[in-house]
Amino acid sequence: MANAVKPSALRPGDAIRVIASASPVDAERLRAGIAEIEKLGFVARHNPRLLERDGFFAGSTESRRGELMDALRELDTRAIFCARGGYGSGYLIDHSADWNSFRGLERKLFVGYSDVTLLQVFFWQKFGWVSLYGPMVAAGFDHGAGAAHGYDAASFAHAISGTLHGWNIDLAGETLAPGRADGVLLGGCLTLVEMTLGTPWELDARGAILLLEDRGMKPWQVDRALLHLRQAGKLSEIRGIIFGDFPDCEPPAGTETVRDVAARVCGPLKIPVVWGAPFGHTARPMLTIPLGVQARLISEGAGRIEILEPACRE
């Protein structure tokens with residue numbers, strides 16, 4: 001497992017670079033998200049090319065990769081917030097790109113979820129970079145704090161602030177398998193975690209508390225993905241699992257739900273499991289959860305994570 005490299009904490013007045021690594025971005029949702037970020041006291045910067053469209057994507061692979069690399073090198077911004085997910089971030093991870101040139105650069109806070117999972121796993125496996133699995137500019141911030149499809153203000157503030165002694169996150173879920181476990185928080189969108197298998201940046205989940213969420217999957221598709229992870233050895237040495245809400249995943253009448261699948265597949269693992277936490281794809285205010293930090297999962301009642309170290313440095 002990688003050694004954690006933490007970004008600097010954000011402070012009011014810091015500049016944030018907004019990028020589009022995947023699907024096209026809606027202009028009105030982008031405007032609303034930028035307004036919310038500026039309301040929090042930050043300066044949001046974005047290139048006009050952010051609204052480009054090229055088939056499935058927010059611009060060509062070359063322009064999106066160039067935007068990401070420029071954002072990582074930029075000296076006068078402290079964080080990179082993704083505009084939205086969708087599809088396409090995987091194209092940015094190219095063997096021909098000189099990613100090693102970024103080793104040792106001043107680490108920036110990197111925030112996103114969904115398709116951005118691929119970049120977060122890549123950065124973790126290659127550089128050990130801690131990132132935040134949380135709201136995106138046009139997919140969370142645009143709806144505001146505490147609102148449906150918006151974001152949870154408290155967990156976001158703790159995650160970006162460089163808290164000295166860690167903090168707690170109430171998961172507002174349901175215990176599927178009780179217990180307590182310590183480990184490194186890793187994971188993200190189930191489909192994208194599965195997509196790393198067989199790549200040079202395949203997620204090393206040993207010793208991890210694994211976050212898994214997605215949307216629009218039928219229960220048997222979730223079952224297939226979990227079976228694949230299990231058969232690939234990714235569930236054999238983990239410490240616990242936290243599942244998201246899995247919206248738009250309703251089964252045909254009379255068949256197993258995704259919750260049923262999770263309980264059946266994870267039961268034999270004999271580890272603590274929490275179901276239905278509002279992170280990633282959720283209609284509830286989205287939690288911000290740091291990836292790459294030590295935490296304690298307490299699987300009882302609605303579930304809780306105790307973050308045992310700050311996600312950022314002062």
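Colleague: Why is Pro 48 called exposed?

Modeller: Pro 48 has a relative accessibility of 70%. Exposed means over 50%, so Pro 48 counts as exposed. This is a predicted model, so the value is computed from predicted atoms.

Colleague: Where is Pro 48 found?

Modeller: Pro 48 sits in the loop between strand 2 and helix 2. From Pro 48 to His 165 the distance is 40 Å, C-alpha to C-alpha. In sequence these two are 117 residues apart.

Colleague: What makes Thr 282 buried?

Modeller: Its relative accessibility is 9%. Buried means under 20%, so Thr 282 counts as buried. Thr 282 belongs to the loop between strand 11 (273–275) and strand 12.

Colleague: How do you know that the side chain of Thr 282 makes a polar contact with the side chain of Asp 245?

Modeller: The distance for that pair is 2.5 Å. The cut-off for N or O atoms is within 3.5 Å, so the pair qualifies as a polar contact. The side chain of Thr 282 also reaches the backbone nitrogen of Arg 284, at 3.1 Å.

Colleague: Which residues does Thr 282 touch, not counting those up to four places away in sequence?

Modeller: Thr 282 touches His 149, Asp 245 and Pro 247.

Colleague: Why is His 149 called partly exposed?

Modeller: The relative accessible area of His 149 is 43%. His 149 is in the loop between strand 5 and helix 4 (153–160). Its phi is positive, about 65°, although His 149 is not a glycine.

Colleague: What about Asp 248: what is its phi?

Modeller: Asp 248 has a positive phi of about 60°, and Asp 248 is not a glycine. Asp 248 lies in the loop between strand 10 (240–243) and helix 7 (258–266). At 43% relative accessibility, Asp 248 counts as partly exposed.

Colleague: Why is helix 3 described as largely enclosed by the rest of the structure?

Modeller: Nine of its 11 residues are buried, so helix 3 (residues 117–127) is largely enclosed. Among the buried residues are Leu 118, Val 121, Phe 122 and Trp 124. The buried residues of helix 3 pack against helix 2 (61–73), strand 4 (109–112), strand 5 (131–133), strand 8 (179–189), helix 5 (190–195) and strand 12 (289–291). After helix 3 comes Gly 128, with a positive phi near 75°.

Colleague: How does the reach of helix 1 compare with the expected 18 Å?

Modeller: Helix 1 (residues 27–39) has 13 residues and reaches 18 Å from its first C-alpha to its last. That is close to the 18 Å expected at 1.5 Å a residue. Gly 41 follows helix 1, and its phi is positive, near 105°.

Colleague: What caps the N-terminal end of helix 1?

Modeller: Asp 26 does. One of its side-chain oxygens lies 3.2 Å from the backbone nitrogen of Glu 28.

Colleague: Which residues of helix 1 are buried, and what do they pack against?

Modeller: The buried ones include Leu 30, Ile 34 and Ile 37. The buried residues of helix 1 pack against strand 1 (15–19), strand 2 (43–45) and strand 3 (79–82).

Colleague: What is the volume of the largest pocket, and what lines it?

Modeller: The volume is about 540 Å³. The lining has 28 residues. Arg 84, Tyr 113, Ala 139, Arg 215 and His 281 lie nearest the centre. The lining divides into 10 nonpolar, 10 polar and eight charged residues.

Note on methods:
Residues numbered from 1 in each chain as written. Predicted model: local features only at pLDDT ≥ 70, side-chain atom pairs only at ≥ 80, totals over all residues. Heavy atoms only, no water. Helix = DSSP H or I, 4+ residues; strand = E, 2+ residues; numbered from the N terminus. Expected span 1.5 Å × (residues − 1). Buried < 20%, exposed > 50% of the residue type's maximum accessible area, 1.4 Å probe, protein only. Contact = heavy atoms within 4.5 Å. Polar contact = N/O pair within 3.5 Å; in protein donor to acceptor, adjacent residues only side chain to side chain. 1 Å grid on protein atoms, 1.4 Å probe; cavity = no way out; pocket = protein on both sides within 12 Å on 5 of 7 lines; lining within 4 Å. Points joined across faces, edges and corners; volume = space filled by probe spheres on them. Nonpolar A, V, L, I, M, F, W, Y, C, P; charged D, E, K, R; others polar.
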